[in-house]
Amino acid sequence: MKNLSKNINLAFASLCLILCCSLSSYAQDSTSTSLTKQELKAQKKAEKKANKEKKKAAKLAEEQAEHDKAVTALVTKSFTLQANQAYDRRGQTINVDASLNFVRVEGDRAVVQLAFPQLVGFNGVGGVTVDGNITNYEIKKNEKTGTTSVTFHVQGPTMMANVTIDLEKDGNWANSSVEGDFSAAELNFRGVLVPNFDSDSYEGTTRY
């Protein structure tokens, strides 16, 4: 009888412990549930804002890295402006193949290529490829706008022109202008400026 009473007391104590744990868990769940309507929305909003700021910071860091690489390429005279747009003096723009349209500098040599794959061109890729030696290579940074500009003159068998390249303050987007010395002809490109070892542009045949 004594053992039975002891067992009953032990079972009762165990049951009370289980109930207390269950009630405690229920209270926590109830509190969490009661907070969901009031705080969950704010919590999600804060998390969304934090993720957005994190992505923004990552994008800015990536753009800064691309910009630094582009500036270094300008300084070392080893870069390619791969154009995905060509435009005239009046701002009329056409989309072009970035692998075939570019301004490239490697040391004291510059290459300018304009190509349309659907056409038959002098260079074997639907356009023209001209090159020449570089003189008067200068780099300037506009502290007010953050733009880095490069100017130089190119002289070769089929090209005598002044070239200007403006690298924007963020990322590696740039605009270029190639003006002939003895004509009103002007070729303008817009695209990304990358070091030559990162370029996937294809140079056609230069004929002269």
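## Largest pocket

The largest pocket has a volume of about 260 Å³. The model is predicted: local features need pLDDT of at least 70, side-chain atom pairs count only at pLDDT 80 or more, and totals for chains, interfaces and linings use all residues. Residues are numbered from 1 along each chain as its sequence is written, and side-chain values use heavy atoms, leaving out hydrogens and water.

A pocket here is an open set of points on a 1 Å grid over the protein atoms alone, where a 1.4 Å probe fits, with protein on both sides within 12 Å along at least five of seven lines. Lining residues have an atom within 4 Å of a point. The volume is the space filled by probe spheres set on the points, with grid points joined across faces, edges and corners.

The lining of the largest pocket has 18 residues. Nearest its centre lie Val130, Met159, Ala161, Val178 and Gly180. Strands β4 (109-115), β5 (127-141), β7, β8 and β9 each supply at least two lining residues. Strands (E, at least two residues) and helices (H or I, at least four) are DSSP runs, numbered from the N terminus.

## Confidence

Mean pLDDT (the predictor's confidence in each residue, from 0 to 100) is 82 for the protein chain. A value of 70 or more is reached by 80% of the residues.

Over residues 10-32, pLDDT stays under 50. For that stretch the model has 0 contacts beyond four places in sequence. Contact means heavy atoms within 4.5 Å.

## Salt bridges

Side chains of opposite charge can pair when their charged atoms come close. The rule used here asks for a side-chain nitrogen of Lys or Arg within 4 Å of a carboxyl oxygen of Asp or Glu. The count is 7 salt bridges.

One of them joins Asp198 and Lys69, with the closest N and O atoms 2.7 Å apart. Asp198 lies in the segment after β9 and Lys69 in helix α1, so this pair ties together parts that are 129 residues apart in sequence. Both ends are partly exposed: Asp198 at 38% relative accessible area, Lys69 at 39%. The classes are buried (under 20%), exposed (over 50%) and partly exposed (in between), using a 1.4 Å probe and protein chains only.

Asp88 and Arg90 form another salt bridge, at 3.9 Å from N to O. Asp88 is partly exposed at 24%, whereas Arg90 is exposed at 68%.

Arg190 pairs with Glu168, and their closest N and O atoms are 2.7 Å apart. This bridge links distant parts of the chain, 22 residues apart: Arg190 sits in strand β9, and Glu168 in the loop between β7 (160-167) and β8 (173-180). Arg190 is partly exposed at 22%, and so is Glu168 at 29%.

## Ser199 after β9

Ser199 follows strand β9 (186-195), in the segment after it. Its side chain makes a polar contact with the side chain of Gln82, at 2.7 Å. A polar contact is a pair of N or O atoms within 3.5 Å; within protein, one must be able to donate a hydrogen and the other to accept it, and residues adjacent in sequence count only if both atoms are side-chain atoms.

Beyond neighbours within four places in sequence, Ser199 is in contact with Thr80, Gln82, Arg104 and Val194.

Asp108 is in the loop between β3 and β4. At 48% relative accessibility, Asp108 is partly exposed. Not counting residues up to four places away in sequence, Asp108 touches Lys77, Gly132, Asn133 and Ile134. With Lys77 there is a side-chain polar contact of 2.8 Å. Asp108 and Ser78 are 30 residues apart in sequence, and their C-alpha atoms are 9.4 Å apart.

Lys77 itself is in the loop between α1 and β1 (78-87). Its phi is near 55°, a positive value in a residue other than glycine. Asn136, in strand β5, also has a positive phi, near 55°. Asn136 is exposed, with a relative accessible area of 58%.
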